Amino acid sequence: MRVKCTYLSSLVGHLALGSILLVCTPYLYAGDYIWALPAWMPAPIVPVDNPMSEEKVTLGQRLFYDANLSGPGYMSCSTCHMPEHSFSEPRPVSVGVTGQFHSRNAMSIVNVAYMKSLTWANPNEVRLEDQANVPIFGTHPIEMDTKGQEEKVILFLQRDPIYPNLFHKAFPDQDNPISFDTITKALASFERTLISYQSPYDDYKYNHNDSAISEDAKLGEALFFSARLGCSSCHTGVHFSDATQASAFHNTGLYNLDGKGAYPEGNQGLFEHTGKEADKGRFRTPTLRNIAQTAPYMHDGSIATLEKVIEHYAAGGRAAQQGKASPLRSDKLHPFLLTDDEKRQLMAFLTSLTDSKFIDNPHFTTPFR
């Protein structure tokens, strides 16, 4: 760890020098890479075979927004992971480059570097480098449709006036650095930098700026962390997700098609990977950071608004709202009552998690301007 000192207040490590208050903020390093994170936000774990570098991040950012990474040449990672929606999408479910509708909504990838598993329901997807191959090469369903068109993509990158130099800078030890191995490593490096930590709530909680959020938001915070609502039993820690501690999957009682807890065929969550009946309808806990920007909600985008999500949990699940509570619903969930004032306060708290500095950061948006 290295330390950067400034004359700003409300940070950490205060040292009085005469009449001057010097503030020292730890900046976390991985090798020579500067994360520039506050002390309360640890740096992500980085795999040994893909150390971070500014050059990889720059390359990964360009690749993330380049539609030429897909087989047909008109779909990029950002087609479904849009920065203005906190790297999620406003559609209920994703649509592949061939027009095929998927069964899942594209999960926000904000703070994804901290997650122990990377998708809605697959416990085996744990490395960003490996996970990137799924949208690029996957055929069930088709996303970017690059399988079988690898040579076309590589040839485009080799002939482009900008990419060869970027690849050589990012991977200087390789004679021929343009490959799908380096592509996915660069993408993973960029995605690890998508860290949100400057929301009004962060300013209030960690910088102790009492005026950063409204009184309603403060009351909403108390509700959120109360045993009566139980929201924080799954949405825990600085990332508001228990999936940063271990691979965590829960059934939120969204469906109960047969009275036994069944979910729609082909969209049954963890069960599809374990075959265990108890895993039907279990999906990974998403982060709540920038949650107000990521509608629609749930794994299949079937809840349109944040207000409706609150109603879903208050009822003990949408299936319970419809008169048939799921027997597979997580025991972490229980019905609760909210007054209109409390609903407004909870909404104010959730909205205070919106990090506009992150969403508008040019280092995260498209370099094609």
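This is a predicted model: local features need pLDDT of at least 70, side-chain atom pairs count only at pLDDT 80 or more; totals for chains, interfaces and linings use all residues.

Trainee: How many disulfides does the structure hold?

Mentor: The structure holds 0 disulfides. For C77, the nearest cysteine sulfur belongs to C80 and lies 9.2 Å away. Likewise, C231 is in no disulfide, and the nearest cysteine sulfur, that of C234, is 9.4 Å away.

Trainee: Why does C77 count as buried?

Mentor: C77 counts as buried because its relative accessibility is 12%, and the cut-off for buried is under 20%.

Trainee: Turning to helix α6, what span should its 13 residues have?

Mentor: At 1.5 Å a residue, helix α6 (residues 180-192) should span 18 Å, and its end C-alpha atoms are 18 Å apart, which agrees.

Trainee: How many residues of α6 are buried?

Mentor: In α6, 12 of the 13 residues are buried, among them F180, I183, K185 and E191. The elements that cover these buried residues include α1 (54-64), α4 (150-159) and α5 (163-170).

Trainee: Now S88: where is its place?

Mentor: S88 is in the loop between α1 and α2.

Trainee: Is S88 buried or exposed?

Mentor: S88 is buried, because its relative accessible area is 1%.

Trainee: What does S88 touch, leaving aside residues up to four places away in sequence?

Mentor: The residues that S88 touches include C80, M82, M107 and Q293. M107 is 19 residues from S88 in sequence, yet their C-alpha atoms are 5.4 Å apart.

Trainee: Which backbone oxygen does the side chain of S88 reach?

Mentor: The side chain of S88 reaches the backbone oxygen of H85, at 2.7 Å.

Note on methods:
Residues are numbered from 1 along each chain as its sequence is written. Side-chain values use heavy atoms; hydrogens and water are left out. A disulfide is a pair of cysteine sulfur atoms within 2.5 Å. Buried means under 20% relative accessible area, exposed over 50%, partly exposed in between (1.4 Å probe, protein chains only). Helices (H or I, at least four residues) and strands (E, at least two) are DSSP runs, numbered from the N terminus. The expected span of a helix is 1.5 Å times one less than its number of residues. Contact means heavy atoms within 4.5 Å. A polar contact is a pair of N or O atoms within 3.5 Å; within protein, one must be able to donate a hydrogen and the other to accept it, and residues adjacent in sequence count only if both atoms are side-chain atoms.
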